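The sequence and model come next, followed by the text.

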Amino acid sequence: GLRKKEVNVLCLGLDNSGKTTIINQLKPANHSNHLGPLSEEWKHVSQTQAQEIVPTIGFNIEKFKSSSLSFTVFDMSGQSRYRNLWEHYYKESHAIIFVIDSGDKLRMVVAKEELDTLLNHQDIRSRKIPVLFFANKMDLRDAMSSVKVSQMLCLENIRDKPWHICASNAIKGEGLQQGLDWLQEQIA
Ligand code: GTP
Ligand code: MG
């Protein structure tokens, strides 16, 4: 058959926003279909592991495929001491996923600073690279809506790149597919 188009996706956002949780949901590795129907016990183990995601050190590389694309995702650490790693991967990226903790009002300004630094970087500024935002943790009682997050980050000011924002609950996997569908349309 046809070879799938290879795309590099950079997953960015502050620490604790849910990047690794989102990427784990997208990976087929968690799916239990290869374990057969008698593997409730294993399903349970895999769900437990999913809850025990630890803060990323540096970054992780994950690969997965959709019907038409072959993705390499760079799951970067959002901790401040590792954020200087992000820019080394800008040049080779075809798309960006930027994750926000919608419940973290205090650090929304920090998220905006990091986003502005990203958008003004020489390897990003002049490119029409698609940016998908996940307003994650929408399940939290005091979570801001995706409209509110979009306002706080001044996303309407992004005029030179296609962008899209989705509310998501990465633990349940809600909202992720919709975002990914948009991203695929932009890349295809
Ligand atoms: P770094 O690797 O440190 O940059 O963090 P990260 O962005 O990869 O966050 P991670 O996926 O490790 O998630 C941080 C915490 O938030 C974990 O305890 C997750 O279980 C939790 N979490 C992730 N997504 C959601 C969500 O949608 N809702 C809720 N309530 N918690 C979430
Ligand atoms: Mg992580």
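The largest nonpolar core has 27 residues, and L12, F98 and F133 have the most contacts inside it. A nonpolar core is a set of buried Ala, Val, Leu, Ile, Met, Phe, Trp, Tyr and Cys residues joined through side-chain atoms within 4.5 Å, where buried means under 20% relative accessible area with a 1.4 Å probe, protein chains only. At least two residues of this core come from each of β1 (5-12), β3 (69-76), β4 (95-101), α3 (108-120) and β5 (131-136). Helix α3 gives the most, with five residues. Another core, of 22 residues, lies apart from it and includes V99, L132, F134 and C166.

The model is predicted: local features need pLDDT of at least 70 and side-chain atom pairs pLDDT 80 or more, while totals for chains, interfaces and linings use all residues. Side-chain values use heavy atoms, without hydrogens and water, residues are numbered from 1 along each chain as its sequence is written, and chains are lettered from A and ligands numbered from 1 in the order in which they are written.

Ligand 1 is surrounded by 20 residues (a heavy atom within 4 Å). By class, this shell has six nonpolar, 10 polar and four charged residues. The table gives pairs of N or O atoms within 3.5 Å.

| Protein atom | Distance to an oxygen atom of ligand 1 |
|---|---|
| G18, backbone N or O | 2.9 Å |
| T20, polar side-chain atom | 2.9 Å |
| N169, side-chain N or O | 3.4 Å |

Taken alone, ligand 1 exposes 650 Å², and the protein buries 86% of that.

Terms used: A polar contact is a pair of N or O atoms within 3.5 Å; within protein, one must be able to donate a hydrogen and the other to accept it, and residues adjacent in sequence count only if both atoms are side-chain atoms. Accessible areas come from the Shrake-Rupley method with a 1.4 Å probe; for residues, only the protein chains shown count as cover. Ala, Val, Leu, Ile, Met, Phe, Trp, Tyr, Cys and Pro count as nonpolar, Asp, Glu, Lys and Arg as charged, and the others, Gly among them, as polar. Buried means under 20% relative accessible area, exposed over 50%, partly exposed in between (1.4 Å probe, protein chains only). Helices (H or I, at least four residues) and strands (E, at least two) are DSSP runs, numbered from the N terminus.
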